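Subject: Handing over a structure

Hello,

Here is the structure I promised to pass on to you. Have a look at it first, and then read on for what turned up.

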Amino acid sequence: MSIERVRTYFEEYGMKDRILEFQVSSATVELAAAALQCEPERIAKTLSFMVNDRVVLICTAGDAKIDNPKYKAQFGTKAKMLAGDMVEELTGHAVGGVCPFGIREGVDVYLDISLKRFETVYPACGSSNSAIELTIPELEKYSHCAGWVDVCKGY
C-alpha cells in the first residue's frame with residue numbers, strides 16, 4: 001500500500017507522525033480542503049504527466065490549472081497526463097493519493113510557483129484519505145524536486 005511506503009519514507013526523517021489520516025476521502029482538492037478545514041488553494045495537488053519517455057510529477061496549488069503554452073515552453077512537448085489506469089504502476093501511487101514522496105525510481109518531481117504564495121501546503125501521502133502539512137522549504141526538501149517551474153494559470 002503506498003501510504004505505507006510514504007510512512008516509511010517520512011520515518012527516515014523522523015516525520016511519520018506528521019502524516020494525517022482521515023475517516024473521509026481527501027482524493028480531490030475539494031474533499032481534502034473539507035477534511036483539513038483549509039482553503040482549497042493550499043492543497044498541493046500532484047499531477048502526473050508523460051514527457052517523452054519519462055514520468056513527471058508536478059505539484060501545484062489547489063486552485064491552479066496547467067497552462068498549455070507555459071507547459072510546452074518548459075518541457076518542449078504538449079501536456080499529456082498519464083491515463084488513470086497507468087498512474088499507480090508508473091508513479092507508485094493511485095489516483096487520489098499521488099504525491100511526491102515514496103515514488104518509483106526515475107520519476108522527476110517539479111514544484112509549480114503557484115505554491116510559493118503559502119507558508120504551508122498539504123500534499124497527499126499516498127492514499128485517498130491522507131495528507132501532511134509542510135512548509136514550502138520542507139516540500140522542496142522532501143520531494144527531492146528537480147526544480148521550480150511556472151506552468152500554471154488561474155490562481
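One definition to begin with: the radius of gyration is taken over C-alpha atoms, and the rule for a globule is 2.2 Å times the number of residues to the power 0.38. Please keep in mind that this is a predicted model.

For 155 residues, that rule puts a compact globule near 15 Å; the protein has a radius of gyration of 14 Å, so the value agrees with a compact globule. Its C-alpha trace spans about 40 × 30 × 25 Å along the principal axes. Of the 155 residues, 50% count as buried. Among contacts with a separation of 6 or more, 64% are between residues 24 or more positions apart.

The charged side chains number 17 positive and 22 negative, with the centres of the two sets 5 Å apart.

Now to the fold. The protein has 5 helices and 10 strands. An open sheet takes in 6 strands, in the order β8-β6-β2-β3-β5-β9, and its pairing is mixed. At its edges are β8 (134–135) and β9 (147–149), each of which pairs on one side only.

Which way do β6 and β8 run relative to each other, parallel or antiparallel? They are antiparallel, and 2 bridges join β8 to β6 (residues 120–123). To find this pairing in the model, look for Thr120, whose bridge partner in β8 is Thr135.

Enjoy exploring it!

Best wishes

Technical notes. Residues are numbered from 1 along each chain as its sequence is written. This is a predicted model: local features need pLDDT of at least 70, side-chain atom pairs count only at pLDDT 80 or more; totals for chains, interfaces and linings use all residues. Side-chain values use heavy atoms; hydrogens and water are left out. Helices (H or I, at least four residues) and strands (E, at least two) are DSSP runs, numbered from the N terminus. Buried means under 20% relative accessible area, exposed over 50%, partly exposed in between (1.4 Å probe, protein chains only). Contact means heavy atoms within 4.5 Å. Lys and Arg count as positive and Asp and Glu as negative; His and the chain ends are not counted. The place of a charge is taken as NZ of Lys, CZ of Arg, CG of Asp or CD of Glu. Two strands pair if DSSP finds at least two bridges between them.
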